[in-house]
Amino acid sequence: MTIEEKEKELIADFSIYEDWMEKYEYIIELGKDLPILKPEHKTKENIIVGCQSQVWLFAEKKGDKVIFTAEADAIIAKGIIALLVDVLSNQTPEAILNTELNFIKEIGLQEHLSPTRSNGLVAMVKQMKLYALALKNS
Amino acid sequence: MSFDVAAVRSEFPILKEKIGKYPLVYLDNGATTQKPQIVIDAICNYYTHQNANIHRGVHHLSQVSTEAYETARTTIQKAINATHNHECIFTKGTTDGINLIAHSFGKGLEKGDEIIISALEHHSNIVPWQFLVEEKGVLLKVIPMLQDGSLDFDAFLALLSAKTKLLSITHISNALGIINPIEKYIEAAHKVGAKVLIDAAQSLQHFAIDVQALDCDFMVFSGHKIFGPTGVGILYGKEVELNALPPYQGGGDMIKTVTFEKTTYNELPHKFEAGTPNIVGGIALGTAFEWRNKLDLKAVEAHENELLAITTEALLKIDGLKIYGDAPNKSSVISFLIDGLHPYDIGTLLNQQGVAVRTGHHCTQPIMDYYHIPGTIRVSFSLYNTKSDVESLITALKKAVKMLK
Ligand SMILES: Cc1ncc(COP(=O)(O)O)c(C=O)c1O
């Protein structure tokens with residue numbers, strides 16, 4: 001699936017929930033389902049700076065695709081990074097670098113996160129793009 | 001006198017706001033309090049009818065604004081029972097006041113002199129002293145805390161010596177709500193000849209303080225935590241102590257004469273008020289104190305203590321909930337965690353339900369390190385909070401826990 005297709009899927013998933021408490025319930029489920037990060041990747045270097053809770057992100061290249069794995073100590077942060085991993089993992093570096101991730105706005109995620117969390121979201125996306133850039137020519 | 005919470009509440013327009021479909025339940029008063037209409041009106045009135053620079057012009061408006069500003073100073077002087085109004089220096093807030101003392105008092109310190117703070121301090125009462133450690137080679141000693149969040153008074157006594165020059169201590173811990181028995185600390189510090197600075201940032205919104213009875217040498221607080229505007233606060237200092245200090249910042253208003261060879265300084269309070277101050281802030285802070293003067297502060301305290309008691313009881317019924325700071329003498333602040341749940345998750349879900357609390361380390365990382373926790377969820381009440389706010393909190397919290405577990 002392309003990034004756009006993944007995004008469409010998520011927008012559809014979220015559209016069935018009426019209020020934000022339900023949407024959070026869904027994000028929390030995603031967080032709970034996120035596979036745990038391998039202990040060797042749960043290092044200080046892999047912590048994303050700029051999030052209020054601790055979020056670890058690891059990336060590697062398999063073939064021409066970037067594979068992301070992540071974890072967080074807060075469940076909502078975990079759910080959000082799970083959404084991003086779902087959309088951006090298993091894509092080419094070029095596709096990751098070029099996407100604008102419109103689904104974030106579409107599902108209203110940005111405005112529903114407190115500024116500090118929203119910064120966390122911005123920091124997560126930035127870190128994923130930086131990984132894509134680093135892995136582009138490797 | 002007594003206290004009518006519904007009547008007081010109606011004076012705060014922001015409390016009628018909705019967060020999404022939920023009515024606002026504002027429980028973050030430790031961070032800042034809301035403002036009554038009369039304070040908001042004072043701000044508007046200043047720019048509509050009084051705006052001019054103070055202490056400078058002979059024209060009418062300059063005299064009006066100067067008089068309003070100086071009247072505010074006197075209102076505040078009376079409210080804290082300072083001997084003179086020039087003992088009340090307008091600052092930007094608590095942080096600014098502490099930095100002023102660190103700078104000016106610090107000038108007179110020498111290598112090996114000692115400053116004592118406590119384990120409960122806000123970062124604002126830690127970092128300015130660390131500057132002095134670096135610059136001057138003074139030693140910073142820390143009064144240790146105990147499991148219940150109170151300070152170890154005997155350990156404090158053991159830290160005191162002829163080398164102690166200053167004790168800078170918070171009256172109330174913003175993170176835990178513990179009230180320190182500062183009278184005892186002030187008395188003991190004075191016995192070894194040390195001066196005492198009280199961080200009263202969290203105190204004045206809850207009860208009255210009499211600086212003469214306390215006998216502290218300096219006291220600082222922020223206007224925004226006592227129903228006034230942001231960007232203004234007070235440094236109180238005994239006249240003799242303030243006169244003994246060199247000025248902080250140089251500029252207009254703080255000088256008597258300026259030549260390129262030598263400048264002489266103005267008298268108190270102007271010596272410490274360089275540049276055009278936050279005039280509207282000072283005036284509106286005076287209004288906030290006038291407003292507060294009309295309240296029966298004993299009844300307010302009783303009301304807040306009741307909220308503290310019923311909330312503590314209701315919280316402790318929640319499975320796995322632990323309150324940090326359970327020493328008996330507390331202001332209406334509760335810091336807690338729930339087993340296995342991250343404070344940010346709870347804060348986010350409370351926010352979704354209109355309940356405003358603070359999560360994190362509350363600018364007191366040493367306290368969090370002491371308990372080996374990343375942060376807490378902090379509920380802090382003010383006089384306009386009601387039992388219905390407590391019910392909303394508990395309902396919203398139970399819902400959040402159910403979603404997260
Ligand atoms: C105990 C204490 N000291 C200092 C401060 C700093 O106050 P301000 O940020 O208004 O300067 C605060 C504010 O949170 C506080 O609670």
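**Sheet, helix, cysteines**

I started with V220(B), whose bridge partner in β10(B) is L235(B). Strands β9 (residues 218–222) and β10 (residues 233–237) of chain B run antiparallel and are joined by five bridges. Helices (H or I, at least four residues) and strands (E, at least two) are DSSP runs, numbered from the N terminus.

Ground rules: this is a predicted model, where local features need pLDDT of at least 70, side-chain atom pairs count only at pLDDT 80 or more, and totals for chains, interfaces and linings use all residues. Residues are numbered from 1 along each chain as its sequence is written, chains are lettered from A and ligands numbered from 1 in the order in which they are written, and side-chain values use heavy atoms, without hydrogens and water.

Next I traced the whole sheet: it is open, with seven strands in the order β4-β10-β9-β8-β7-β5-β6 (chain B) and mixed pairing. Pairing takes at least two DSSP bridges between two strands. β4 (88–91) and β6 (139–143) of chain B are the edges; each has a single partner strand, so one side of each lacks a neighbour in the sheet.

Then I looked at R73(B), which sits in helix α3 (residues 60–79) of chain B. Buried or exposed? R73(B) is buried at 0% relative accessible area (buried is under 20%, exposed over 50%, partly exposed in between; 1.4 Å probe, protein chains only). Beyond four places in sequence, its contacts (heavy atoms within 4.5 Å) include C88(B), F90(B) and E273(B).

For C216(B), the nearest cysteine sulfur is that of C88(B), 11 Å away.

Notes
Disulfide = S-S within 2.5 Å.
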